[in-house]
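Biologist: I have the structure open beside me. Could you walk me through some of the labels you use and where they come from?

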Amino acid sequence: MFISPQITHHGAVNGVTGSCHQLTINATTSVLIDCGLFQGAEISGNPEGDGLAIDFDVTHISALIVTHCHIDHVGRIPYLLAAGFTGPIFCTEASASLLPLVIEDALKVGVTRDKTLIAACLKLLKKQITSIPYKQWFSLPVNTISESVNTNSYITYRKAKAKFQPAGHILGSAYVEIDLAEPIFANTSKAINSINNFNGSITNKHRVVFSGDLGAPYAPLLPAPKSPYRADTLVIESTYGDKNHQSRKQRRQNLQGVIEKAVNDNGVVLIPAFSIGRTQELLYELEQIIYQQSVQLKKGQGSRQLQTMWQSIEVIVDSPMAANFTEQYKKFKSLWDAEAMHKVKAGRHPLNFEQLYTIGDHKQHLSVVKALAKRNKPAIVIAASGMCSGGRIMNYLTQFISDKTTDILFVGYQAQGTPGRDIQKYANKYNGYVTLAGQKHYINAAVHSISGYSAHADQAGLINFVKRMRHKPKHIKIVHGDDSAKNMLQNCYENILPASLIEVAE
Ligand SMILES: [Zn+2]
Ligand SMILES: [Zn+2]
């Protein structure tokens, strides 16, 4: 049997949130890959019940490696610091810029309004963040131990190094390659057995790849992830292990169609969206539609009325956080894909077009809601939270959800138990309503859902990630997915690799 190093999962096993994996390097050294929050219905699935606790010993954890800044991958970092973790927090340069913003927001929303407490946490965090460029090896701190210490059945190591590779999921996202070297064995016969079973060849290195969240190949803005050259052990996400996305073109046509229908009656179009990633993808797509329509208008092709509408419609991003993240996306233009760079060279501003308005403070937000209620002109509003469970979208919903001219457009997954899910479910039902901040609101707005604006690779993408490796893994652990997604992906991998190598993590 092939012997893998020990990997323990502290989250993202029975679901997609709470990502936190522990790789044991030797008896006194482990590293964590991500330290995220549990969310939605998955909170109660966590043994501690609140989704926050660090329910494992942190004394031997020498470093934290962050794959990307989504809250379900980084949200438990303040609790990790509180538990006494003082090691480096390795992440890419863009993630290093985003991480303090994300943690600050998470603390404000979910933990405390106490400014000194927040400042103290951020100071600690910034001290521990160590930013590393993509594609560059860096060594991981490993404690030295004597030969005799290794008594467990896993191979342990004296040395470890890691490297970030672009994952194409959100700005700064990475999958991480970890090379373990100089194995330590409790006794020589075990050593020889293990080495001989290592793919039949003698080697003293083992490469573990953690996928983090992988991007979709045709997502706007960021280049698609390239498969690793090799992996011995692969820990891979499976969010869409059972689905394939619509094509990019089809998705954009859907978006355009829904908006064109929606604005016919001069109502508002509300798009609940989370601030990192999806908001920027939507802006990018809207800029493309507006641009195309202006080209057609000049050529005198198509519907003049619709083209004129596109040239005048206001796109309002009502979220100071989203604005911050958009700034970071602009700052790290070097990470954009070829198509996006081509637009920039042609003088276009994919994330900052003329009709885009960003709302800053709360007073401004309230006056925009009021002004929109009074006028008779369409507008598109993008605001968080993506599942309508808080944030500025709430004021828009309470104001507009009972209005027939309103359209609500969902672009992301709505988890069980969220108001977003209720709106999807009870729209178009007789007397359908949703409870928002304790009050009942009838849903007279038209409700649409577009799938495919997901920053995740679909089934085909997850299969190709493995298929295109030069040296395929000898052990795959499937994490970060619902049961059906994990099982379906397992079946797919069994078509390309022996079934015994593939395991659904528990
Ligand atoms: Zn993510
Ligand atoms: Zn994730």
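Biologist: Happy to start with a helix: what do the buried residues of α14 pack against?

Modeller: The buried residues of α14 pack against β9, β11, β20 and α15. This is a predicted model, in which local features need pLDDT of at least 70 and side-chain atom pairs count only at pLDDT 80 or more, while totals for chains, interfaces and linings use all residues. Residues are numbered from 1 along each chain as its sequence is written, chains are lettered from A and ligands numbered from 1 in the order in which they are written, and side-chain values use heavy atoms, with hydrogens and water left out.

Biologist: Which residues of α14 are the buried ones?

Modeller: They are Gln 459, Gly 461, Leu 462, Ile 463, Phe 465 and Val 466. Helices here are DSSP runs of H or I with at least four residues, strands are runs of E with at least two, and both are numbered from the N terminus.

Biologist: Why is Ser 173 called buried?

Modeller: Buried means under 20% relative accessible area, exposed means over 50%, and partly exposed is in between, using a 1.4 Å probe and protein chains only. Ser 173 has 1% relative accessibility, so it counts as buried. This serine is found in the loop between β8 (156-166) and β9 (174-184).

Biologist: How do you know that the buried residues of α15 line one face?

Modeller: Those residues are Ala 485, Lys 486, Leu 489, Gln 490, Cys 492 and Tyr 493. Seen down the axis of α15, they fall within an arc of 160°, so they line one face of the helix. The arc is that of the directions from the helix axis to the C-beta atoms. What covers these residues includes β11, α14, β20 and β21.

Biologist: Last one: why are α6 and α7 called roughly perpendicular?

Modeller: Angles under 35 degrees count as roughly parallel, over 145 as roughly antiparallel, 65 to 115 as roughly perpendicular and the rest as oblique. Helix α6 (residues 248-263) and helix α7 (residues 278-299) pack at about 75°, with axes 11 Å apart. The two helices are therefore roughly perpendicular to each other.

Terms used: Axes fitted to C-alpha atoms, helices over the stretch in contact; angles between N-to-C directions. Contact = heavy atoms within 4.5 Å.
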